[in-house]
Structures are given as structure tokens and as C-alpha cells.
Amino acid sequence: TRRSSDLRVPWTYDDSDTSMPARYARAIAAYRQNQVKEAIKDVDGLIASEPSNPYFQELKGQMLMDFGRVAEAVPYYRKAAAAVPDSGLIRIAYGHALVESNDLKNGAEQLARGLQDEPRSSEAHRILATAYGRMGQENMAKIELAEEAVLQRRLDDARTLARAVISNSPKGSREAVQAKDILNQVSILKK
């Protein structure tokens, strides 16, 4: 959908404006208007100008993901994550691309690292649950879904998921301990 800000870009930054902000604005406007060829061409120009800029790499990864070209997005996210290792949001996006390209183990690792910096990302917990589920780690998938439910204040769902993990896990296991922590958190939030 077109946003009013996207429609103002040509008025604010005409084609003769070759400044970095103008080029960046035009790339984002083309992306938001689903002009695939134009958006990719524009972001490629940005990357050619500043190949080590991690935010241009991330933008191209995001564009490719949203345009359904997931496998092509992975290297751009990898470069961005390497350049800005403490950016939880970039790590989460990178992990998502890896999971969607079926590199589940590495995707789960990147998502877990991203959650260290962005612990309140319910989306990251959901994507991590998907990765664990596809790897056959049902209890870990339920833990992540319970974490997502807590963040979304769906406390009854979180409790149900945590209890299921406890009943299906060996006592004292990592999953059982995490599930008990979730139950404690739910009881605190319910007060």
C-alpha cells in the first residue's frame, strides 16, 4: 500500500538530487510501492557507494525477503550481522531468513542471539518456535510459544504451554526449568 510519505519522496528529492539521503529515500519509496526492479537497482547503487554500510546490506536483505527471494537475502543479512554484531534486530532478521531458507540450526542460533538484545520480540520467539518445531524439538517450540504468549499477555495460553512442557520433560531438564520460570512469571503477572 502506498503511504503518503512515499508519495512525497519525488517532491522532496527529485531525480537530480544525488545525495545519499535522496537515494536512500527513493530506494525505500520504491520498495514500499512494491517496485521490485527499481528498489533493487536503487539499493544496489547504495551498496556500490558504501559496500561496508551494514544498513544498506540489511535493507537489501529485507527487500529480498519481502519480495519472496529468501535465499538471496541470506548473504546480505549475514554481512550486516557481521558488521553490527550487537544489533538484535539485524540478528533476528538474519535468523528469520535462515529459518525460511531451511537452515534451521543456524537460524535458531541467530534468533537466540538476537533475543539476548531484543528479549521482548514476540516475533522472534514465534520464528524460533517454528525452527524448533521443524527440527522436531517440540518442547523447545512450546517454550518459545509460551514466551511469545507472555509478551502478548495471553497468560492462559502461556500457562497451558508451560504445563505441557513440564509434563513431557524429564524433571530438572532445561525445558522443565524454563517452563517453571514461565509459570512463575505468569503467576506474577496475573496478580
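Predicted model: local features only at pLDDT ≥ 70, side-chain atom pairs only at ≥ 80, totals over all residues.
Reader: How do I read the packing of helices α7 and α8, and at what angle do they pack?

Author: Helices are DSSP runs of H or I, at least four residues, numbered from the N terminus. Axes are lines fitted to C-alpha atoms over the stretch in contact, and angles run from 0 to 180 degrees between N-to-C directions. Here α7 (residues 104-117) and α8 (residues 122-134) pack at about 155°, with axes 9 Å apart. Angles over 145 degrees count as roughly antiparallel, so that is what α7 and α8 are to each other.

Reader: Which residues of α7 and α8 meet?

Author: Contact means heavy atoms within 4.5 Å. On the α7 side, look for L104, A108, L111, A112 and L115. Their partners in α8 are A124, H125, I127, L128, A131, Y132 and R134.

Reader: Now charges. How many salt bridges does the structure hold?

Author: Side chains of opposite charge can pair when their charged atoms come close. A salt bridge is a side-chain nitrogen of Lys or Arg within 4 Å of a carboxyl oxygen of Asp or Glu. The structure holds nine. One of them joins K41 and E38, at 3.6 Å from N to O. Both sit in helix α3 (residues 36-49), three residues apart, about one turn of the helix.

Reader: Which residues are joined into one network?

Author: Start with R154 and D157, whose side chains meet in a salt bridge of 2.7 Å, N to O. Salt bridges with shared partners link R126, E148, R154 and D157 into one network.

Reader: And what about E144, in helix α9?

Author: E144 lies in α9 (residues 138-151). It's buried yet has no salt bridge: R174, the nearest side chain of opposite charge, is 6.0 Å away. Lys and Arg count as positive and Asp and Glu as negative; His and the chain ends aren't counted. Leaving out residues up to four places away in sequence, E144 touches L115, H125, L128, A129 and Y132.

Conventions. Residues numbered from 1 in each chain as written. Heavy atoms only, no water. Helix = DSSP H or I, 4+ residues; strand = E, 2+ residues; numbered from the N terminus. Buried < 20%, exposed > 50% of the residue type's maximum accessible area, 1.4 Å probe, protein only. Parallel < 35°, antiparallel > 145°, perpendicular 65-115°, else oblique.
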